[in-house]
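I want to keep track of what I looked up, in the order I looked.

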Amino acid sequence: MSIQRHKVFISYFHADDQYYKNQLIQMKAWDNERYQYVSIFDDYSVRQYDIDDTGLSSEQIRRIIRDDYMKNATVLVLLCGQKTKTRKHVDWEIHTAMYHSDINPQMGIVVINLPTINQSQLYSCLGDRQYFGDTSGWVTLNKDASYLETNYPYLPARIRENIARDNIYIPIINWDRVSGNAYNLAGIIDVAFNNRYKNDYDHSTNLRRNNS
């Protein structure tokens with residue numbers, strides 16, 4: 001196949017989930033046009049950073065994240081583990097990915113449930129199920145807030161708030177659907193990229209200021 005490569009920023013909790021990030025960036029697939037194995041995306045994520053947000057407004061934090069760390073990325077891949085939702089830098093990155101400006105347009109988002117959370121619920125967006133022959137386990141999303149909190153307890157609140165909205169296309173998939181399957185991962189990233197401007201994101205919730 002011909003690989004449609006995109007500029008991807010991987011958001012994750014570095015202390016717990018570095019292994020899974022490493023696995024993603026090492027995945028390659030055969031490209032018929034280049035006639036060689038190639039990386040399935042361009043990695044635009046960075047090493048762990050520490051921003052002193054003392055005295056900074058949410059807008060200043062967003063600009064720092066986008067201009068210094070997520071510059072030019074078009075898709076955010078969120079690795080969702082046990083403590084992901086508690087990390088303030090993850091919330092900052094999600095917020096930044098959802099923010100649209102003429103200089104830095106909003107990004108597509110993919111959520112990957114890691115094995116550490118034993119999350120069985122899967123939610124698809126437009127066009128992504130074509131990459132998965134086994135369609136079992138997928139659910140029609142119930143947008144009730146209490147349902148989402150109960151069935152997606154490890155999702156960052158900002159993601160839950162958004163998938164409860166109409167016109168939001170954020171696929172939630174399990175690690176085993178993409179681990180070792182470069183075609184599935186490349187496909188789901190491509191779907192998120194193509195749907196990025198269809199997303200009517202709500203990023204109005206205040207940024208997290210502390211880890212918990």
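My entries follow, from the overall fold down to single residues.

**Ground rules**

I am working with a predicted model, where local features need pLDDT of at least 70, side-chain atom pairs count only at pLDDT 80 or more, and totals for chains, interfaces and linings use all residues. Residues are numbered from 1 along each chain as its sequence is written, and side-chain values use heavy atoms, with hydrogens and water left out.

**Overall fold**

I started with the secondary structure, and the protein chain has seven helices and seven strands. I take these as DSSP runs, numbered from the N terminus: helices are H or I with at least four residues, strands are E with at least two. Along the sequence I read the pattern β-α-β-β-β-α-β-α-β-α-α-β-α-α.

Next I checked burial, and 51% of the 212 residues in the protein chain are buried. Buried means under 20% relative accessible area, exposed over 50%, and partly exposed in between, with a 1.4 Å probe and protein chains only. The protein chain exposes about 10100 Å², with carbon and sulfur atoms supplying 42% of that area. Accessible areas come from the Shrake-Rupley method with a 1.4 Å probe, and for residues only the protein chains shown count as cover.

I also looked at contact range: of the contacts in the protein chain with a separation of 6 or more, 78% are between residues 24 or more positions apart. A contact here is heavy atoms within 4.5 Å.

**The five-stranded sheet**

In what order do the strands of the open sheet run? I noted β4-β1-β5-β6-β7, five strands with parallel pairing. β4 (42-43) and β7 (172-174) stand at the edges with a single partner strand each, so one side of each has no neighbour in the sheet. Strands count as paired if DSSP finds at least two bridges between them.

I then went through some pairs. Strand β1 (residues 7-11) runs parallel to β4, joined by two bridges, and Val-8 stands opposite Asp-43 in β4. β5 and β6 pair in the parallel sense over six bridges, with Leu-76 opposite Ile-109 in β6.

Is β6 mostly buried or exposed? Six of the six residues of β6 are buried, so the strand is largely enclosed by the rest of the structure. Gly-108, Val-110 and Ile-112 point one way from β6, while Ile-109, Val-111 and Asn-113 point the other way.

I turned to α1, which lies across β1, β4, β5 (75-80) and β6 (108-113) at about 140 degrees to β5. Axes are lines fitted to C-alpha atoms, for helices over the stretch in contact, and angles run from 0 to 180 degrees between N-to-C directions. Helix α3 (residues 88-98) lies across β1, β5 and β6, at about 150 degrees to β5.

How many residues of α3 are buried? I found eleven of its eleven, including Trp-92, Glu-93 and Met-98. Their cover includes β1, α1, α2 (58-69), β5, β6 and α5 (157-163).

Thr-96 is buried at a relative accessible area of 1%. Leaving aside neighbours within four places in sequence, Thr-96 is in contact with Arg-62, Ile-65, Arg-66 and Met-70.

His-14 was next, in helix α1 (residues 14-26). His-14 is buried, with a relative accessible area of 11%. Beyond four places in sequence, the contacts of His-14 are Val-46, Arg-47, Gln-48 and His-89.

**The hairpin**

I moved on to strand β2 (residues 28-31), which pairs with β3 in the antiparallel sense over four bridges. Ala-29 stands opposite Val-38 in β3. β2 and β3 form a hairpin with four residues between them, and Tyr-35 in the turn has a positive phi of about 55 degrees.

Tyr-37 sits in strand β3 (residues 36-39) and is exposed, at a relative accessible area of 57%. Trp-30, Tyr-35 and Tyr-37 make a nonpolar surface patch of about 410 Å².Patches are made of residues with over 30% relative accessible area and no salt bridge, joining like charges within 9 Å and nonpolar side chains (Val, Leu, Ile, Met, Phe, Trp, Tyr) within 5 Å. A salt bridge is a side-chain nitrogen of Lys or Arg within 4 Å of a carboxyl oxygen of Asp or Glu.

I finished on Asp-176 in helix α6 (residues 175-178), which is exposed at a relative accessible area of 59%. Asp-176 and Leu-114 are 62 residues apart in sequence and 8.4 Å apart in space, C-alpha to C-alpha.
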